[in-house]
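Please read it alongside the sequence and the model shown here.

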Protein chains: 2
Amino acid sequence: MTPDHLDATFAALADPTRRAILARLALGEASVMELAEPFAMTQPAISKHLKVLERAGLISRGRDAQRRPCRLEPAALGEADEWLEGYRRFWEASFQRLDVLLGELKAGEQKSERTKATRTKK
Amino acid sequence: MTPDHLDATFAALADPTRRAILARLALGEASVMELAEPFAMTQPAISKHLKVLERAGLISRGRDAQRRPCRLEPAALGEADEWLEGYRRFWEASFQRLDVLLGELKAGEQKSERTKATRTKK
């Protein structure tokens, strides 16, 4: 896994259309025409995105000259995930701190509600 | 988590210097000067990268006017990981297929080695 490869993977993922194409291909192979359909985009515009995804190794194209179906190649996603993995403990720790904070806020709210209820009873 | 936000996160990660800066900040806060040191880069060049990381919410800058130390903000990395999570079963399946293939190749190799050994004994 060279840095260049990770650069290409992350750059390819930095676009909502390209992420949507990957989501579509997760359901199965599709031709350029089938991929272009749900987007308000021309086939050449979709083809450009497919070239970026192909260069990043995120998809491959079939040999059938007519359709050249696109297929998801998940290994590059796995490599991007592996890089992120190194940071998992950081965001898990920050989410845990958020949980504690929310818990404290909730406890504080319930306490003030109980105080209010007691006052109303009086 | 808006798509724009994911775009900015993935685009920010698509650069080896920016990933190296995040790796450095995972060890603790650092000033621009401290960050520039290990790279053969000027402080303005590093500052440009820091701006990209800051806009993507991957780092924050301290208020100390002199040092403005940079700090890793891991939540955005967690969101990128969450997106990748949806594809985990795909690369896990492809890695498993690779394991099976490697296992078969290894078994084939050992078998041919045993055959060779038997032949040598004869």
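A salt bridge is taken here as a side-chain nitrogen of Lys or Arg within 4 Å of a carboxyl oxygen of Asp or Glu. By this rule D81(A), E85(A), R88(A), D81(B), E85(B) and R88(B) are linked in a network of salt bridges. This is a predicted model, in which local features need pLDDT of at least 70 and side-chain atom pairs count only at pLDDT 80 or more, while totals for chains, interfaces and linings use all residues. Residues are numbered from 1 along each chain as its sequence is written, chains are lettered from A and ligands numbered from 1 in the order in which they are written, and side-chain values use heavy atoms, with hydrogens and water left out.

**Salt bridges**

Over all chains the count comes to eleven salt bridges, and between chain A and chain B it is four. Several of the pairs are listed below.

| Salt bridge | Closest N and O atoms |
|---|---|
| D7(A) with R19(B) | 2.7 Å |
| D7(B) with R19(A) | 2.8 Å |
| R71(A) with E29(A) | 2.7 Å |
| R88(B) with D81(B) | 3.8 Å |

Burial is judged by relative accessible area (buried under 20%, exposed over 50%, partly exposed in between; 1.4 Å probe, protein chains only). On this scale D7(A) is buried at 14%, R19(B) is buried at 6%, R88(B) is buried at 15% and D81(B) is buried at 5%. By contrast, R71(A) is partly exposed at 38%, and E29(A) is likewise partly exposed at 38%.

**Interface**

Chain A and chain B bury about 2,500 Å² between them, 73% of it on carbon and sulfur atoms, where buried area is the accessible area (1.4 Å probe) that two parts lose on being put together, summed over both. The contact, meaning heavy atoms within 4.5 Å, takes 28 residues from chain A and 28 residues from chain B.

**Helix packing**

Helices (H or I, at least four residues) and strands (E, at least two) are DSSP runs, numbered from the N terminus. Axes are lines fitted to C-alpha atoms, for helices over the stretch in contact, and angles run from 0 to 180 degrees between N-to-C directions. In chain B, the axes of α2(B) and helix α4 (residues 43-55) come within 10 Å and cross at roughly 75 degrees. The contact is made by T17(B), R18(B), I21(B) and L22(B) of α2(B) and by I46(B), H49(B), L50(B), V52(B) and L53(B) of α4(B). T17(B) is itself buried, with a relative accessible area of 15%.
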